[in-house]
Amino acid sequence: MSDTSALDLGKSAVVIGDKASSVRPRSKLMVAGSLAFFILLMIATLRIASALVHQAVERDASRRSLEWAEFAISQAPHIANLAEGLPIKTEDWETFKNLTDFAGVFRFKIFSADGVLRYVSDDFNATGEDLGKHNPLASGVVSSGQPFTSVEDGRNKPNRPNLYSETYLPVFDNGRMVAIAETYMDQTNKTAAVRREYAFVGAAMMGMIGLALLIPSIGIWLMFRRINLKNIELKKSQTRAQASDKAKSEFISTVSHELRTPLTSIKGSLDILISGKIIDLSGPAQRLVAMAAKNASILNLLVNDLLDFEKLDTGNLEMIKRPTDLTSLLRDELEILETYGPHQHIEYRLFGDDSALLANVDPDRIAQVIRNLVSNAAKFSPVGGKVEVSVQQSDGSIRVAVGDTGCGISEADQGMIFERFTQVDSTNTRKHNGTGLGLAISKAIIQAHDGEIGVISAVGEGSVFYFILPIGIGSDNEAAGLLKVA
Ligand code: ADP
C-alpha cells in the first residue's frame, strides 16, 4: 500500500500525535527539575559563601593579631619580663594598659613561654605570678610555635561582642619564644562588611546563573509550545484526512458497485452482437461494436480493480490459502494470456523447474498477480517482444520472475509504481491503457502472503518484476502428500 496515501498519512499523523501528547507532562517535569536544581544551587552557593566569609574573617583576624603583636612588642619591650613573672616598673604598666588602643582589640592576655597566664588586660586582679591557669590552646601554640585563630559567636556570652576572634600568637625575642599573646578582637562590623561583599558577589553570580538557565528554559518552553500547537493542527488535519479518505472509499465502492451490473450487461450484449449469432453486422458496424466491447472490457477491468482495491484498503479482501502448484498455475496463466491477451506477437517463455512447486497460497489471488505482471510486460514491450517467466525454489521460498524487453523504468519511477494510481506516463496522451492500480494490488496480495515483490529495470532495456513467496508447508513428506491432493 502507498506510503503517502491519505490513510498512511493518517497513521503517521497518529504517531506524531502520540509523541506530542507526551510533551506536556514532560515539559512540566523539566520545569520542576529546573526549579529544584536552581534551589539546590542556591543552597549550595549560600553554604559556600558562608564558609568563605568565615575563612575570610579568620584570616583577617590572624593578620591583624600578628600586626598587634609586632606593635605590642615595639610598645612594650618588657613583655618577656612580664611573661616570665619578673617585676615590672610602674611606668611600664601604663604602656601595657594602653595596648588595647590598637584597632579592634578589646582584651588581651599574656602567657609565659610554657603557657602559664601572667596578665589579663581588663582584669588587673587576675595578674600575678601564682595564677597558674593552664590553657590548652596556649599550650598548643607553645608546642607548635604556630599562631592559632578562631572566630567565636559572642551573642550568648557576657561582655562579648556578637562576633569576635580569639588569636594566640607566639612572641619571639632573638629567635626564642618568650611569651604567648592572646588577643580578642571585635569582628562584628568587619564580618557584616565581608558578608555584604559576598552577598553582592553571590547575588550577581545567582543572577548570571539564573539568566543562563532562564534563556534556554524559555527557548525550550517556546519549542514545546510550538510542538503542542503543531500537534493540535496535525490532529485536526488527521481527522479531516481520515474523514475524506473514508468518504472517498465509500464513494469508490458505491460507484463501482453501481457500475458493475450495467457494465456486465453492456459487455455481454456487445459480445453477443460481435459473435454474429443474432445479426450479421456490416464491416464498419462490426468494427464499432468491437471497439465498444474492448472499451467495455477496459472499463470492467477498472471497476474490478477499484473494487479489489477498496477491499484491500478496508481489509476485506479474503485470502483463502491452500497448497498450490505454482508451476502449473504459471503455465495456465501464460496459456490464457497467449490466447486472449493483446495481439502484439509477443513471445512468451516459461523457464525453470518443470516439476511441481508447492506453496500455501490463495491460487486466485496469486494468479491475479501473475496476470498483472505478465500483461504489463506484454503491454510495455514493442511488437514482437519477448516475455520470459521463471520459477525457482530456494531455502523455503519460491521466486517467480517476469522479464521483458520493453521500455524499462527509471530508478526514480521504480520507487513509485507500486503506489496506487501511479503510472510513469500519466498524461492524457499515453499509449497504454491502465488504472495504475495493478501493481499496488499485487503488492498488497504478496504482502498478505508474507512475501516480497520488486523490480529490477533499466530504461530502454527492459524490466524484471519478481515476487518471492514463503512455501508455508512444513516437511518434504507433507509437501509430497499435499502434492497428491493438489
Ligand atoms: P497500469 O494499469 O497502469 O498498468 P500498474 O500498477 O500495473 O498500472 O503499473 C503502474 C505503472 O508501472 C504503469 O503505468 C507503467 O508506467 C509501469 N510499469 C508496470 N509494468 C511495467 C513494465 N513491465 N515495463 C515498463 N513499465 C511498467
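Predicted model: local features only at pLDDT ≥ 70, side-chain atom pairs only at ≥ 80, totals over all residues.
**Stop 1: G406.** Select G406. This residue lies in the loop that links strand 10 (397-404) to helix 10 (411-414). Is G406 buried or exposed? Its relative accessible area is 6%, and a residue under 20% counts as buried, so G406 is buried.

**Stop 2: what touches G406.** In sequence, E461 is 55 residues apart from G406, while the C-alpha atoms of the two are 6.4 Å apart in space.

**Stop 3: strand 10.** Step back from the loop to residues 397-404. How many of the residues of strand 10 are buried? Seven of the eight are, which leaves the strand mostly covered.

**Stop 4: strand 9.** Select residues 386-394, which form strand 9. Strand 9 runs antiparallel to strand 10, and eight bridges join them. Then go to the hairpin of strands 9 and 10, where two residues lie between the strands. Select D395 there: its phi is positive, near 45 degrees.

**Stop 5: strand 12.** Finally, select residues 462-470, which make up strand 12. Strand 12 also pairs with strand 10, in the antiparallel sense, over seven bridges. Which residue of strand 12 is the bridge partner of R399? Select I468 to see the partner.

Methods:
Residues numbered from 1 in each chain as written. Heavy atoms only, no water. Helix = DSSP H or I, 4+ residues; strand = E, 2+ residues; numbered from the N terminus. Buried < 20%, exposed > 50% of the residue type's maximum accessible area, 1.4 Å probe, protein only. Pairing = 2+ DSSP bridges.
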